[in-house]
Amino acid sequence: MFAPAVFRLSPRAPRSLSFTALTSLSRALSSNKTSFDAVEEFTQDFVNAVREVPTATDPHKSAALLRKLAKTEILSYTDMAEAPEKFFLAHRLLSTLGLGGFGVRFTVQFNLFAGSILGLGGGSQVKMLSDIQQSGELGCFLLTEKQAGVLSGLIVETTATWDQNSQTFVLNTPREAAAKNWISQGYTAELGVVIADLQIGDKSYGPHPFFMRLREKGSGQLLPGIRVVDMGAKTVANDLDNAQVWFDNVPLPHGALLDKFATVTDSGEYVTRGSEKMRIEVIGQRLLTGRQAIAEAALLSAKCLHLRTEAYAKTKICNGLTGERTLASLPHISTRLAEGHAALDEMLGFAAAVEKRLNACLSEGSIPPPDLVDAIAVLKVKGVQVAIDTANGLRQEVGSLGLLHGSGFELQDMLLCCKFAEGDSRILSLKLARDRLRRVQKDPAAALLGAAGFGPEAREARAALVLAAKLAPAGKDPAKLSEALDKHWREVYDLAELVCQRHLAHAAPASFVEGPCVDRHLPANTDFNANWKLEGLHTEARGDPRTLAA
């Protein structure tokens, strides 16, 4: 992974829709098919089930609402594999109600937590999901660490060491910088999937997923050796709890290792199951579905914002040279709305096309191919940026409306959250550029051949060749390579941009199962109970785990 220096790039304006793209999108929107039945019925049931979201303004209330929603089983924890269109539709419906903290809580529960068990667990472990859903217990996904956050890529220092005598994995936070960090729903959750470096004897087997209980059932007390601290108030989404988590010699039973792809025998032997090996692409499956869901949510949220603002502008009367006129009739307002709709519709068409490919992999239980992984990264980077740019541009044109609670503009910081959640845009761009440079390194002749032409592929190939030549003198020396990357950081991001342009240029737009976007925005209540922790069963740690062993 490239070393992330302090990089800055000016945001690029979204591309305008060509006539061909508009025609293709129109055709796609007219052919709306799905592999699960009763889309309208599901939409009505789900929207009704989350009507209380605006009143759930603190983590205690919000967590209670999610428990209630989970127990309805309107959406099953196994729907990601059995009906993936339904899984993504639920995320989009939430975003049309308002892109807030509950949407993050929802995707943590159904995607990162339950989805990890579904995708990484063995048969008996997957069967647990039914009981977990019926109980209403919440889970979290413990991956990100304090010194390996969204700007560092996936680095895991937390260890799970196999103890042959006790037949357990011993979970530890080796240093302060390795504390699990910004764990969404980490304070209110009773359960979790923790990613830790599996160690047997003196050998490390790399990051592996483990299912664990964080809090006692019923009392909500943290189990010994676990410390959880709430990260405090944020600029937005304070209905969502985020936590730091430490472990000190926490024993996990033999069956805690999610073992679809690998297991440890009673004798302490590491065994791979099936043809797939446990690796980052396997663990990262839920990050892929998360990136897809987050990009869609950001785009739908911005689309709803445009629909709502447009409706307001058509009724807002202002004075013109010849008399009264509507705000929507002003050329700069009408142009801003039209360009925003066009940019968002183009990206939504791309998002639906990428989701269609991802849904096939989810239904088959297969690992997404590299090209699809790249397409999801492109969607996450470009889709969220289009949502941010169009929302910001619109807000600057509508005067005091942009300051009013209930207008939708109060949720704009959530778009920033979308930018770094499940893979920061910078890190994903670096990955796109890195993988493109590896193609040059692997087959220089093909790279030269690809550069001799016109169009997105040729521009991308030429940029990759030029950048590869500039980095070549550094060889494999990490210090020299880091220095070269810092020096040529603009070219690195420019190459990633060209990769994005290629994907966008060649994708045939598709449509979502529910048809055109419907704005269902429900303004959240403005009250907040600062003592929410006292109302719940949950407490912070009984003691600092770094002192518990003493």
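In β8, the bridge partner of R227 is W246.

Biologist: Which strand holds R227's partner, and what are we looking at here, a predicted model? Start with β8: which residue is the bridge partner of R227?
Modeller: The model is predicted. R227 has W246 in β8 as its bridge partner.

Biologist: How do β7 and β8 pair, parallel or antiparallel?
Modeller: Antiparallel, over five bridges. Strand β7 covers residues 226-230.

Biologist: And β4 with β8, how many bridges there?
Modeller: Three, also in the antiparallel sense. Strand β4 is residues 180-184. K180 stands opposite V245 in β8.

Biologist: How many residues of β8 are buried?
Modeller: Six of its six, across residues 242-247.

Biologist: Which ones point which way?
Modeller: N242, Q244 and W246 point one way from β8. A243, V245 and F247 point the other way. Both sets are buried.

Biologist: On to the core. Which residues have the most contacts inside the largest nonpolar core?
Modeller: F106, F210 and F247. That core has 160 residues. F247 is also one of the buried β8 residues.

Biologist: What does F106 touch?
Modeller: Leaving out residues up to four places away in sequence, F106 touches F46, L66, L69, L75, A90, H91, L94 and N111.

Biologist: Which lining residues are closest to its centre?
Modeller: S301, L305, R308, G408 and L411. The lining of this largest cavity has 16 residues.

Biologist: What is the split by residue type in that lining?
Modeller: Eight nonpolar, seven polar and one charged.

Biologist: Which helix gives the largest share?
Modeller: α9, with five residues. Helix α9 runs over 285-315, and α5, at 84-97, also supplies at least two lining residues.

Biologist: Last one, H341. Where is it?
Modeller: H341 is in helix α10, residues 331-364.

Biologist: Buried or exposed?
Modeller: Buried, because H341 has 12% relative accessibility and the cut-off for buried is under 20%.

Biologist: What is H341 in contact with, beyond its sequence neighbours?
Modeller: K303, H306, L307 and E310, once neighbours within four places in sequence are set aside.

Note on methods:
Residues numbered from 1 in each chain as written. Predicted model: local features only at pLDDT ≥ 70, side-chain atom pairs only at ≥ 80, totals over all residues. Heavy atoms only, no water. 1 Å grid on protein atoms, 1.4 Å probe; cavity = no way out; pocket = protein on both sides within 12 Å on 5 of 7 lines; lining within 4 Å. Helix = DSSP H or I, 4+ residues; strand = E, 2+ residues; numbered from the N terminus. Nonpolar A, V, L, I, M, F, W, Y, C, P; charged D, E, K, R; others polar. Buried < 20%, exposed > 50% of the residue type's maximum accessible area, 1.4 Å probe, protein only. Pairing = 2+ DSSP bridges. Core = buried A, V, L, I, M, F, W, Y, C linked by side-chain atoms within 4.5 Å. Contact = heavy atoms within 4.5 Å.
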